[in-house]
Amino acid sequence: MFHKQWLKSPAFWIALFLLLVALGLRLWRIEVPINVDEGHWMRRGIAFYHALASGGLSDTYLRHHPGVTNMWFVGLGISLRYLVQGLSPWGPSAWQADQLLETFTSLQLFVAARYVFALVTALSTVIIFLLGRKLFGLKVAFLAALILLFEPYFLAYQRFITTDANQTNFFWIAFFAYLLHLRSHQSSVNGQSISTKTRKWLVLSAIFFALALLSKVSVLLSLPAMILWAFWVTLRYDSKPAKWSRLFREALLWGAIVILVVFALWPALWGDAIGTWRRFVFDLRFQLGGHDQFFLGETTDAPNAAFFPVVIAYRLSPLLSVGAVLGVIVLLIPGVRTFVRGRLHLWAILLNCLVVLIALSLSKTKIDRYIVPLLPGLAFLAASGFMAMVLWLSAPRPRVKRWGYLTLIVLIIVAQLLVVIPITPYYVAYFNPLLGGADSAQDVLMVGNGEYLDTAANWLNEQPGSAENLITTWYLDSFEPYYVGPGINMSRYDSVTGPWWLESSYVLIYINQLQRDIPSETLRYFEHQKPSHQVHQQGLDYAMIYPGPVVTAGQLADVENGTDFVFDENVKLLGYDVQTPTIESGDSAAIALYWQLLAPPEQSDYQVYVGLRNHDGKLFNKAVNVPVDGYRPIDQWPLDQVTRDVQHLLIPPGTPAGEYTLEVGLFSPGQNRSMTVHGSALGDRVALAQLQVLPPTAVPDPSDDRYIAHWLVNAQLGPTYLLGYDWGPVDSAPEGDIIPITLLWQVGRETEDLPKLYLQLEHEGERWRRTRGYAARTTDTHTTWRDGEWVREVWDALLPVGVPDGRYGLQLLAVPSGATPDSDAATLLDLGEITVVGRDHTFSPSQPTQRQQVDFGETIRFLGYDLPMEVEAASNLAIKLYWQALAESDTSYTRFVHLLAEDGSIVAQQDAAPGDGAYPTTSWIQGEYLEDIANIALPEEMEPGFYRLAIGLYDPLTGTRLMDENGRDMIHFVEHMSIY
């Protein structure tokens with residue numbers, strides 16, 4: 001008879017429909033995504049059952065949440081999976097982590113637990129509907145259930161193994177049962193007694209409140225609302241002393257049942273009730289201390305009171321948002337309020353939501369999922385508002401009422417499907433599209449709760465050697481079940497070897513890490529790098545996958561630029577990738593270098609040098625760093641393993657736009673030397689890549705960091721301002737030596753009449769400077785300037801020549817156009833002091849045995865040479881060269897001497913500054929004569945015969961050779977020499 005009545009009831013068929021749809025939504029693609037908290041609850045559930053099976057009851061306390069229902073359900077799901085496999089789930093050995101993973105994959109464990117959660121949450125939806133039907137009627141309850149079925153954020157947490165779903169569902173069952181019980185107080189006013197049948201609601205409420213409390217302690221935030229409502233009902237309907245006494249007795253009964261159920265289902269209380277309570281209180285205090293969040297563009301552990309209103313606006317569907325507001329409006333308008341059934345219960349729901357929301361807002365710890373327990377109440381509020389409006393609008397037209405309700409059902413289903421389908425099954429990725437969706441939310445709220453990590457794992461699974469490739473990620477629990485290879489957590493750190501991600505082939509960075517800047521050091525390392533893959537969903541890059549320091553064969557094969565440079569027979573550079581081929585001045589460039597250790601170097605302190613040079617060879621910036629952001633010194637590289645090292649170099653603000661060269665070397669600070677590079681024309685460095693520097697998109701703000709050592713104020717030089725400068729400083733230098741000075745100008749629209757610059761020495765009123773000044777060249781690389789723009793200039797300033805040894809004041813002299821260096825218009829800037837070391841200068845003509853006069857440009861004259869006519873192979877060939885300075889030289893040239901075979905090929909050579917560096921051409925005084933010895937080591941295996949010698953000069957920074965008056969860049973000696 002009972003079954004026949006139910007079959008005739010619309011409520012039965014609606015409940016069955018809701019159960020099937022709810023189950024379908026929870027079971028479809030049940031394996032994705034894995035929330036960032038689910039891994040914790042899987043481990044706790046396993047530890048809970050292991051402690052229970054082994055008799056360690058007090059060890060069933062795992063967290064203050066306390067999450068007891070979660071842990072029971074996890075254990076039940078895995079136990080059922082054991083039984084399906086024909087295995088026994090009983091005994092502590094079955095619950096050992098290694099035993100579980102030998103039997104099932106971690107993803108199978110998640111799915112097994114989720115089946116139980118899916119059934120429990122689907123049944124809970126049905127129970128909430130059935131209780132809501134008694135309070136608000138069938139139609140409103142059905143509308144509310146429809147809203148909840150497809151509410152994206154609510155549905156997301158109904159699928160997860162977290163405490164939020166159990167707390168939410170069990171509480172609303174408890175709350176609705178309590179409202180049904182309180183309704184009996186209203187009937188008792190008319191003399192009707194409260195029977196045992198009516199008290200069943202009180203018992204049901206207590207049982208489910210206990211289950212909610214065992215799920216998550218924050219359900220206690222709803223207790224004040226329940227108490228207040230009970231007092232209000234008693235005051236409204238009958239405040240006689242007997243009624244208050246009855247209310248008090250019922251509260252005691254309700255509380256006693258809650259305590260009994262909690263005690264009965266929490267084994268930790270059986271073993272050590274007092275100890276469990278103390279641990280619970282201690283852990284709860286710690287939890288209330290805050291939680292890292294991203295809110296309104298900032299990282300904080302204590303968002304302000306606007307947090308939850310903003311979360312509600314972004315996380316609720318437009319339908320639920322509008323409906324909840326409409327429900328409140330309907331309750332406040334007398335003419336429409338009459339169409340609301342169970343409106344007093346709606347006030348109770350509204351009271352509970354407000355009390356909980358205020359309590360959450362007062363707490364320091366705020367997380368967006370804390371609003372999930374509000375959603376069922378808001379759904380009933382919305383359903384009542386929609387229903388009241390339909391009844392109110394159709395009141396004059398009764399025939400329209402039925403169609404209005406059917407239309408409302410269709411509109412709710414369509415509206416909810418429109419927002420839920422695009423993100424299926426990653427429902428937690430939902431943000432209100434009316435507010436801009438995820439693209440807008442990323443600037444306001446933390447985005448990313450584990451969704452799309454399976455997509456990242458799928459890409460990594462397709463890479464060569466994926467089963468062995470070690471992956472680092474912040475959310476390992478949510479990623480590892482989908483990945484076929486090994487993984488480590490990005491937070492792992494070793495006090496000796498540093499972060500564990502240094503051992504990985506790929507590093508996966510998740511979107512909320514970037515929002516919260518954690519871990520900041522690791523993010524800085526990858527900041528300017530080019531990811532191997534990006535998981536782009538909902539308009540956002542949810543996951544960025546970068547190659548790690550340990551290079552696999554597949555990664556090495558994909559390197560854009562292969563090289564074969566060997567440094568001191570110890571280190572080989574196999575290739576490089578320019579991560580930022582185009583970059584604005586003021587940003588940092590990144591280059592990935594692929595190193596292989598061939599043999600340990602004598603010194604372990606070698607660091608990577610990276611320099612930026614323009615087309616003139618001027619060095620605009622350099623950096624010397626320990627490889628891999630300082631974490632992986634060369635002495636920690638395994639032999640023959642390929643290490644990916646990304647080096648960053650600031651492109652200083654004001655760097656003129658144009659093409660630059662990135663050069664690389666290995667430098668030992670302890671030895672103050674660089675490794676020699678085999679196969680490089682530069683000797684101790686390699687010119688690797690071209691970098692295109694662009695002007696900044698915006699004119700710099702005066703308060704911006706100028707990356708300059710010495711700032712100046714109001715240093716106007718003609719139409720420009722000198723904002724600041726950098727130099728060594730150098731304490732001692734030989735005369736004519738180069739003193740690199742960086743100048744930072746602020747230019748206007750008129751930049752033609754820039755000053756000439758001189759480096760001046762001063763001592764006791766006497767001054768020395770070079771003959772030719774340096775013309776500031778801020779206009780060379782730009783055709784147009786914006787007012788206020790910065791431009792950085794690198795000036796290889798030269799000390800004067802012919803200066804006696806001594807200590808001098810060093811000054812920067814700026815001479816306006818049309819003025820002379822000695823005029824009052826010249827501007828002096830004191831740079832400090834420097835000791836200048838002079839040398840002897842000879843003005844008596846040289847007497848070479850073989851005269852051969854050749855002028856190289858307008859500054860250097862080659863006068864001839866002394867050459868032995870015969871020399872033995874495998875010996876040293878000493879050649880004396882004779883020079884004369886025609887004028888001061890602003891370039892320190894390298895002279896080369898080549899020994900040439902008959903076919904013109906180079907047999908041996910020597911490249912060096914004159915006098916092996918003792919007489920750089922920048923130190924020559926006009927008219928002086930110099931003698932220079934070139935020593936050429938002859939190879940052991942040389943064919944006897946006649947050879948020729950050739951000589952020339954070149955700029956070592958650019959490789960550009962000086963030409964003679966006939967346009968030749970190399971002069972052959974007039975004599976041959978014999979090798980025997």
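**Ground rules**

I worked from a predicted model, in which local features need pLDDT of at least 70, side-chain atom pairs count only at pLDDT 80 or more, and totals for chains, interfaces and linings use all residues. Residues are numbered from 1 along each chain as its sequence is written, and side-chain values use heavy atoms, with hydrogens and water left out.

**Entry 1: two helices**

I looked up helix α4 (residues 68–84) and helix α6 (residues 106–136). Helices (H or I, at least four residues) and strands (E, at least two) are DSSP runs, numbered from the N terminus. The two helices pack at an angle of about 115 degrees, and their axes are 8 Å apart. Axes are lines fitted to C-alpha atoms, for helices over the stretch in contact, and angles run from 0 to 180 degrees between N-to-C directions.

I then listed the contacts (heavy atoms within 4.5 Å). On the α4 side I found N70, F73, V74, L76, G77, I78, L80 and R81. They meet Q108, L109, A112, A113, V116, F117 and V120 in α6. By class, this contact has 11 nonpolar, 3 polar and 1 charged residues. Here Ala, Val, Leu, Ile, Met, Phe, Trp, Tyr, Cys and Pro count as nonpolar, Asp, Glu, Lys and Arg as charged, and the others, Gly among them, as polar.

**Entry 2: an open sheet**

I traced 4 strands in the order β32-β33-β35-β38, with antiparallel pairing. Two strands pair if DSSP finds at least two bridges between them. The edge strands, β32 (850–856) and β38 (929–937), each pair on one side only. Neighbouring strands are turned by 25 degrees against each other on average, direction ignored. I counted 9 bridges between β35 (residues 876–885) and β38. In one of them, L881 has D932 as its partner in β38.

**Entry 3: around β20**

I followed β20 to its partners. Strand β12 (residues 582–584) runs parallel to β20, with 3 bridges. E584 is bridged to L694 there. β17 runs antiparallel to β20, with 7 bridges.

Next I checked P695, in the loop between β20 (686–694) and β21 (710–711). P695 and E584 are 111 residues apart in sequence, yet their C-alpha atoms are 5.7 Å apart in space. P695 is partly exposed, because its relative accessibility is 34%. Buried means under 20% relative accessible area, exposed over 50%, and partly exposed in between (1.4 Å probe, protein chains only).

**Entry 4: salt bridges**

Side chains of opposite charge can pair when their charged atoms come close. I used this cut-off: a side-chain nitrogen of Lys or Arg within 4 Å of a carboxyl oxygen of Asp or Glu. How many salt bridges does the whole structure hold? The search found 30.

E663 pairs with R613, and their closest N and O atoms are 2.8 Å apart. E663 lies in β17 (residues 658–668) and R613 in β14 (residues 607–613), so the pair ties together parts that are 50 residues apart in sequence. E663 counts as buried because its relative accessibility is 2%. R613 is buried too, at 13%.

D731 and R807 form another salt bridge, at 3.1 Å from N to O. D731 sits in the loop between β23 (720–727) and β24 (732–734) and R807 in β30 (residues 806–815), so this pair ties together parts that are 76 residues apart in sequence. R807 is partly exposed, at 34%.

D855 and R861 meet at 2.6 Å, N to O. Are they buried or exposed? D855 and R861 are both buried. Last, I noted a network of salt bridges linking D37, D164, K216 and R369.
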